[in-house]
Amino acid sequence: MTKKTKALLLSAGLGTRLRPLTLTKPKCLVEINKKPIMDYWLDSLEEIGCHTTVINTHYLHKKVSNFLKNRKTKKMKIKEIYEEKLLGTAGTLINNKELFKDCRIIMIHADNMTNFDLSKLLNAHEKKPKSCLITMLTFQTDSPQNCGIVQRDKEMIVQNFFEKVENPPGNIANGAIYVFESNLIEKLSESDSNLNDFSKDVIPLFLGKIFSYHTKDDFIDIGTYKNLAKAEMIFKNNH
């Protein structure tokens, strides 16, 4: 791949469902088997040869800064962006478009946990249909009402999207890991719409232009104590 790959690791969440644990620790630093979730993601990005990872912070941001400062440095550059006021997942992307010029971007929510190999998603993006601008990771969920559910055609192109609805039409969920080119950010920044949340505001604009890659690997949203315990069990021997 000739283009540099850069990542946006979204890490500004408040982690309200994980209180009291998150009263003193930001959600992205919650540990699974004594290793912070953020560290798993940074290791995965280093493994695929990511050039730079941009990390947005907000809640307990100084703890994230300290973690990054004390982390053993590798080749990958890490740039932390503090948001005094939360910009939303789409807002963060648009606000930092200068950092993502002329590159391929992989955007990840740091509060999910998986053993999925990110290079498979990059390869899928290389081979996506020409009409598609975004490649999205999907997985099968046991709790579709808590996820964004996608409907795809036989070419794996997303035709419909239902964000956390009461009666979802299936259980193929958005993994909230996306790959796209930097020109997509230009399109978003020129949009007349008020784009705040990537799932709610951006995905509906690009239905029919999102290629999906499905994984059967474990994929867990670390948003509850139940899921945190589940992740501890599942990923015990995987890392």
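Asn 33 is partly exposed, with a relative accessible area of 25%; partly exposed lies between buried, under 20% relative accessible area, and exposed, over 50% (1.4 Å probe, protein chains only). The model is predicted, so local features need pLDDT of at least 70 and side-chain atom pairs count only at pLDDT 80 or more, while totals for chains, interfaces and linings use all residues. Residues are numbered from 1 along each chain as its sequence is written, and side-chain values use heavy atoms, with hydrogens and water left out.

**The chain as a whole**

- The chain holds seven helices and 13 strands; helices (H or I, at least four residues) and strands (E, at least two) are DSSP runs, numbered from the N terminus.
- A compact globule of 239 residues would have a radius of gyration near 18 Å, and the 17 Å of the chain agrees with this. The radius of gyration is taken over C-alpha atoms, and the globule rule is 2.2 Å times the number of residues to the power 0.38.
- The C-alpha trace spans about 45 × 40 × 35 Å along its principal axes.
- Of the 239 residues, 49% count as buried.
- The accessible surface of the chain is about 12200 Å², and 47% of that belongs to carbon and sulfur atoms. Accessible areas come from the Shrake-Rupley method with a 1.4 Å probe; for residues, only the protein chains shown count as cover.
- Among contacts (heavy atoms within 4.5 Å) between residues at least 6 apart in sequence, 75% join residues at least 24 apart.

**Residues with positive phi**

- Most residues other than glycine have a negative phi.
- Asn 33 is not a glycine, yet its phi is positive, at about 55°. Asn 33 sits in the loop between β2 (31-32) and β3 (35-36).
- Leu 60, also not a glycine, has a positive phi near 50°. The loop between β4 (52-57) and α2 (61-70) holds Leu 60, which is partly exposed at a relative accessible area of 25%.
- Gly 49, which follows α1, has a positive phi near 75°.

**Helix α1**

- Helix α1 covers residues 37-47 and is mostly covered, with ten of its eleven residues buried.
- The buried residues of α1 include Ile 37, Met 38, Tyr 40, Trp 41, Leu 42 and Leu 45. Asp 39, Asp 43, Ser 44 and Glu 46 are buried in α1 too.

**Strand β11 and its partners**

- Strand β11 (residues 172-181) is mostly covered: ten of its ten residues are buried.
- Strand β6 (residues 104-109) runs antiparallel to β11 and is joined to it by five bridges; two strands pair if DSSP finds at least two bridges between them. Met 107 stands opposite Tyr 178 of β11.
- Strand β8 (residues 134-140) also pairs with β11 in the antiparallel sense, over six bridges. Ile 134 stands opposite Phe 180 of β11.

**Thr 215**

- Thr 215 lies in the loop between β12 (210-214) and β13 (219-221).
- Thr 215 counts as buried because its relative accessibility is 5%.
- The side chain of Thr 215 reaches the backbone nitrogen of Asp 217 at 2.9 Å.
- Apart from neighbours within four places in sequence, Thr 215 is in contact with Phe 116, Leu 137, Thr 138 and Phe 139.

Methods
Polar contact = N/O pair within 3.5 Å; in protein donor to acceptor, adjacent residues only side chain to side chain.
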